[in-house]
Amino acid sequence: MAVGVLVAALPSAIRSLPGAPAGFWAMALAAMIVDIPLFGVTGKQDLRVRSTLSVCFTFAILVLYGAGPAIAVQAIAAVVTVIGQRYSARFSMLFVSRLILATAAAELVVILTGLRPITTQGSGLTGTDVLEFTLLAAVWLAVSYGLLAAGRLTTSLHSFGHAWAALRPDLASTAAAVLVVAPFLTTVPGWWPLLIAAPLMVWNQLSREQLRYQQRLGREPISGLLNRQGLIEGVRAVTTRDHPSPGESRPFGIIFVNVESVLEINRALGRELYEKVIGVASRRLVDAYGEDRAALLSSEGVVILVPDLTEPDAIADAEAAVALLEPHVEVDNIPFALDPAGGVALSPMHGRELRTLLMKAELAAHEARASQRRAVLYVREAAEQAERRITLLRELRTVLDDPTRRREITVLYQPQIHIDTGRLVAVEALVRWTHPRWGPIRTDELIEAIEASEVMHMLTKHVLETAAVQVRRWNDQGEPIRVSVNVSAQDLHEPRFLDELADLVQRHGIAPRQLIVELTERMLISDLPRVTSVAHALARQGTGLSLDDFGTGYASLQQLRLLPLTEVKVDSSYIKGMVDNPADRAIVTSVHQLTRALDVDVVAEGVEDQRTADALATLPGTIAQGWHYGRPMTAEDLHDWRRRRHSDNARQRQA
């Protein structure tokens, strides 16, 4: 019916315009300019329309001159606004149509009731005029903002109740415009309404800038995705029902997609390229989920907020999010792989707090990467493991700080035997921690818990100190020996590491060559410049340098050539298979030949039987380490082991 009013009113409106009075043209011109931004634009991120103050003037025109002129002016003013604000095509249609339909609806009330508050511009207002004004304004506001809320629902994740709540500030300002300013304008004669447009333009601009500032607070500047604050608002929108039951909230899911490969892009190729890659990936997410659902909370992960997500669909939705980021991102004609892995946590199943859900979704994403799956639904075991690691980290820090508890940490020594001579040439120091409640802690679990923290370096210092003390004792007993100690990437980035090592050697009066620092091949690949720098500094101090787990990380010959190594340790996976697997034997033989050519010792790890020892005996100069020769043992047990081995060798020579 409102549309019929609109169609019927326009022809007469057009015919009447040439003879319209100055007051009409003043309000028409003011309506067309009042919403033009003085500077900047608001952008297209949000369907919360900023107050359109042209309604002050078009509503006054409605009550004075009828629907036809009011609709014509409102249409022109709305078009000027959408052009100035650079709204999207879809939102432009909603913006223009809802203003025109609201005006037509108010005119329909006039037709049905016969009420028109004022017919002559410049006359005063009576109490009846105000009441009639209020009725027409209520109809206009209900239709206008009802359409806006409905449009918001079709393009975002909000409930109808929350859509109304989000529009309240704008609704209040528009209500003031039609209930206060518009009645006042009807009392102003001639061209004077134009003067009222100036302060309204300033007020409108300030309102826009405030909204732009609020939007920036909720978005990540690089990608335009939501930041943590924006995501919190999104969750609040999802969990607000139109008619919530006591103790209930709308279910939703948090999908965390780990894209840790972008960190390597940032580190290796620079921030500018990283931002471009993130920008392309972000557009994929926005196109798929909308601007109110995708968030960037860290440099290596994106978050998707999915309303009404339940357990049966959780994995499929998470895999779909991962699939969006699996195709290469092309920037400057260069393809980049994001290598995504996803995890999902559900509310209320896994918690109601955003912080808790994010933690659990990220844990699930790490589980997905470790298990080489696209996506994983959070399970409690993952959180329990994380909590255990945190507990281990805290308690180990306490142990290392408390001299009375350091006995919980034991340093064991595993012998390394020169196969040609059968002589003990070195030992590897291996740390063991017996937790007072959990008992012996697996070494791999311990390292995983602490390697990213300063506690890792504290543990290394403790092991080095213990090993140096023991080396001095062996020297005093006439049994000099070398000890190799594993260090971490954390140690290499510790500025005091080299000075601490030099001080350790000097304090205990041992030869620098009696300490061997073991680096893993993974460390070599991940940070070659730093490793190379530290390695040469160690060599200048006289400390030995060992490359551990060789063959597991694809180190190049060039990298080997750059390092002043004293030994290379072949990974046990090749040693254990060399008797029965020709490929493993060929690899071990090749590494042996390479290290001999570089004048570097080769250590075979994981020798567990005589057959493997016999196979290694065909490779001259090889040093062997493994349970076949001796398990990791305390210094006292090593002393007894050496004595027994010496006696056994003496009997064999006599025989």
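Contact here means heavy atoms within 4.5 Å of each other. This is a predicted model, in which local features need pLDDT of at least 70 and side-chain atom pairs count only at pLDDT 80 or more, whereas totals for chains, interfaces and linings use all residues. Residues are numbered from 1 along each chain as its sequence is written, and side-chain values use heavy atoms, with hydrogens and water left out.

Q: Which residues does Leu430 touch, not counting residues up to four places away in sequence?
A: Leu430 belongs to strand S9, residues 423-435 (strands, E, at least two residues, and helices, H or I, at least four, are DSSP runs numbered from the N terminus). Because its relative accessible area is 15%, Leu430 counts as buried (under 20%; exposed is over 50% and partly exposed in between, with a 1.4 Å probe and protein chains only). With residues up to four places away set aside, its contacts are Thr410, Val411, Leu412, Gln414, Asn486 and Pro632.

Q: Is Thr58 buried or exposed?
A: Thr58 sits in helix H3, residues 54-65, and, leaving out residues up to four places away in sequence, touches Ala31, Ala70, Val73 and Gln74. Its relative accessibility is 3%, so Thr58 counts as buried.
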